Amino acid sequence: MTTQRTIAFTCTCRFMREDSHTVDGTRADLLNTLALVAGASVLSSFSSPAQARGRATLVESYDRYTPRIIAGGQFYTSDLKRMVEKADWSAIKAATADPPKKTKEDRSKRDGGVSDRAKLAGQFSNARVTTACDLFAAAFSDNSISPKTKKMQAQADKIRSVIDEMSLTARQGLGEESGGGFFGFGAKKPSQAELAKRVRQLYVEGGNAYNEYIFAANEEPLPLTVEKLPYLK
């Protein structure tokens, strides 16, 4: 019997058709994907002390960073969804805003001040969400970057790009930025309707990238002592 999985972000916003953004894969697809990672990561076994240390670091990283990733996903499908539906530029700008630049005091902290600075960041900002995505992805590597880490970081980069574009779209909607080259409009100033359409597209792109990140994170190797991360729905 063939089983199916859905990892793509299914958007139920009133500006999208729900079924137009759902991607299904067969069990064979899943096995092929797992084959790309299985055995490639240096954390796949406890055959050496270095690997054991890496596994311990992975659990610590899970506890430290996944709460921010999960909270970001929850915010994405609730508050941010409503902001996008209404083209609420001020709210979107605040939600995607990064905190002030790192200070000398931040650099003296164990995590570089990441945790403290994240508290000052927007609920779906790079500082709060994608930094956590990067740090958690790095925990799946040891002496060299593993395929799993690369896979996760590639999706984190996509999320980062979406956040940057959402932020710029919001600033353009508020009249704080001129021109539309970043969005393919050239030098012509985009209309409010064009900006609203673009931010809706970005919302779906970001949701799909988030779910792809979660799928990569949940693939083996993942300690049995931790729970798999939830997808956006």
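**Exercise 1.** Find which charged end sits over the ring of Phe 140.

Solution. The charged end of Lys 148 does, at 4.5 Å from the ring centre. For such a contact, NZ of Lys or CZ of Arg must be within 6 Å of the ring centre and within 35 degrees of the ring normal. A note on the basis: this is a predicted model, where local features need pLDDT of at least 70 and side-chain atom pairs pLDDT 80 or more, while totals for chains, interfaces and linings use all residues. Residues are numbered from 1 along each chain as its sequence is written, and side-chain values use heavy atoms, leaving out hydrogens and water.

**Exercise 2.** Work out whether the rings of Tyr 76 and Tyr 203 are stacked or edge-to-face.

Solution. Start with the total: there are four aromatic pairs in the structure. Rings of Phe, Tyr and Trp (its six-membered ring) pair if their centres lie within 6.5 Å; planes under 30 degrees apart are stacked, over 60 edge-to-face, and the rest tilted. The centres of Tyr 76 and Tyr 203 are 4.6 Å apart and their planes are at 10°, so this pair is stacked.

**Exercise 3.** Identify the salt-bridge partner of Glu 165.

Solution. A salt bridge needs a side-chain nitrogen of Lys or Arg within 4 Å of a carboxyl oxygen of Asp or Glu. Glu 165 pairs with Arg 198, with the closest N and O atoms 2.4 Å apart. Both Glu 165 and Arg 198 are buried (under 20% relative accessible area; exposed is over 50%, partly exposed in between, with a 1.4 Å probe and protein chains only).
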